[in-house]
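Trainee: I would like to go through this model with you, starting with how its parts meet.

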Amino acid sequence: MANNLGLAVKPVAETPVEEIERVAEWINTEEYKELNFKREALVIAPPHACQPLGAELVAHAFEGSLPFVHGSQGCASYYRSTLNRHFREPAPAVSDSMTEDGAVFGGQNNLHEGLENAIALYKPKMISVFTSCMPEIIGDDLTAFLKNARNKGIVPADMPTPFANTPSFNGSHVHGYDAMLLAILQTLTDGKKVEGRCTGKINLIPGFDANTGNFREYKKIFEAFGVPYTILGDISDVFDSPNDGTYRPYPGGTKLDEAADAINGKATINLGPFSATKTYSWVKENCAGKHAALPMPLGVAKTDAFLMKIAEISGKPVPESLKAERGRAVDAMTDAHQYIHGKKFALYGDPDQLIGYVSFLLEMGAVPYHILCSKGSKKVEKEIRALLDGSPYGTQGKVYMGKDLWHMRSLIMTDPVDAIIGDTHGKFIARDANIPLFRFGFPIFDRVNRHRYPIVGYQGVINMVTEICNKFIEIVDETCEDRFFEMMR
Ligand code: SF4
């Protein structure tokens, strides 16, 4: 064996080809699956990211907000590049680049110098600070550090600087999203509650969602109703801004004054019951008006529930345009159901999305078979189980909480399915099992523009049905002997 300089390289240990082949076969067996499921101390390919990544997503989602990572440069690059590759858009964020001296003496100097530079260079309206593992491990006191920064005049008195502790050794990106969103709302609404004032608006908390098309779909629904609204954490223009030759570091996001006035709203709807849990508890305690937590509107039934809630809160009937769209979605499902009916799916992802996928598949007569969540809970499991138990297509479904993609591989190789729904990281399993992967989750690196196609609302139903069924049709068309497949002769 030679290296790229042509020099001979002697492997430390040769692995015979037969041994490689034997192990490759063995990892597809029941025996290996049993050993794999006994694994306790090791996680392999978890389908979730770390807390600060979720914090960064929502820190981008407000007008003029600069995400600021208190911690390591490498970590900050990871969140930025993940968002950047998923959206194929810039994800401008800064880091105070803590290194060894910060780890020993604390990161206050880094934070102060970083804030000074960030304000001078990037002129934000708000700086949203969150942490990587390192300052969390050494116990940096962000409350004191930021108070000192203000006292020293590093941060202007009127510039909001919400901050969230986002320790990555705990929770996942959805928990970081929740912590940062809560901090932003607490900061912006502080002192803004006015007794007797009502904005007349419905506040919408979308939950952790990296599909800009979904945000546009929510806007379309509210506008069809003619109901004023505020999306609390709107990424639609931030990560889907027009390419007109001018770079804008802050191309969109929820207006800061609107977010501040959300505390005087007519109502707040939370569509992320499992990704905005703490935020919603705070909303219930502090925001005026009605409060409702609903599942993500994936599939017809959950979209119906969302629309009925808007109708109930606003006192307006469901508009004809949305009724017609519902009819088109049902028609799309009916036209395509024979291509998906009875097909078995393996699913993984964040709890809110996972519950939606299960609901949608059951509506189509498909079988959610292996359902896996790496950061789920008993409550998530119970909710999925209730959906499965309510449908004849759910009887075979098995739910796995706290498992990873290496577990999922074992499940699929020993008990096959027809397709997977997940994010890009499922592609290796899909290749090994020779089945399609439907990329509806986050992140999606290996396909373009997926984040522009909504999967929520009735349009989302049409999009999902179309993508899934056309793929199954394509597989048959490419492999069957009848070259007139689905054509008239
Ligand atoms: S898990 Fe911790 S060390 Fe790793 S990228 Fe996230 S914050 Fe950084």
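Trainee: How many residues of domain 1 are in contact with domain 2?

Mentor: This is a predicted model, in which local features need pLDDT of at least 70 and side-chain atom pairs count only at pLDDT 80 or more, while totals for chains, interfaces and linings use all residues. Residues are numbered from 1 along each chain as its sequence is written. Domain 1 spans 51-173 and domain 2 spans 202-323, with bounds from an automatic or database domain assignment. Counting a contact when C-beta atoms, placed from the backbone, lie within 7 Å, 15 residues of domain 2 meet a set in domain 1 that numbers 17.

Trainee: Which helix gives the most to that side of domain 1?

Mentor: Helices (H or I, at least four residues) and strands (E, at least two) are DSSP runs, numbered from the N terminus. Both α3 (51-59) and α4 (73-87) supply at least two residues there. The top contribution is three residues, and it comes from α3.

Trainee: Is strand β7 buried or exposed on its two faces?

Mentor: In a regular strand the side chains alternate between the two faces of the sheet. In β7 (residues 267-270), Ala267 and Ile269 lie on one side, Thr268 and Asn270 on the other. With 20 or more other C-beta atoms within 10 Å of a residue's own as the criterion (C-beta atoms placed from the backbone), all four are buried.

Trainee: What is the bridge partner of Ala267 in β8?

Mentor: Strands pair if DSSP finds at least two bridges between them. β7 and β8 (residues 290-293) run parallel, joined by four bridges. The partner of Ala267 is Lys290.

Definitions and conventions: Two residues are in contact if their C-beta atoms, placed from the backbone, lie within 7 Å. A residue is buried if 20 or more other C-beta atoms lie within 10 Å of its own, exposed if 12 or fewer, and partly exposed in between; C-beta atoms are placed from the backbone.
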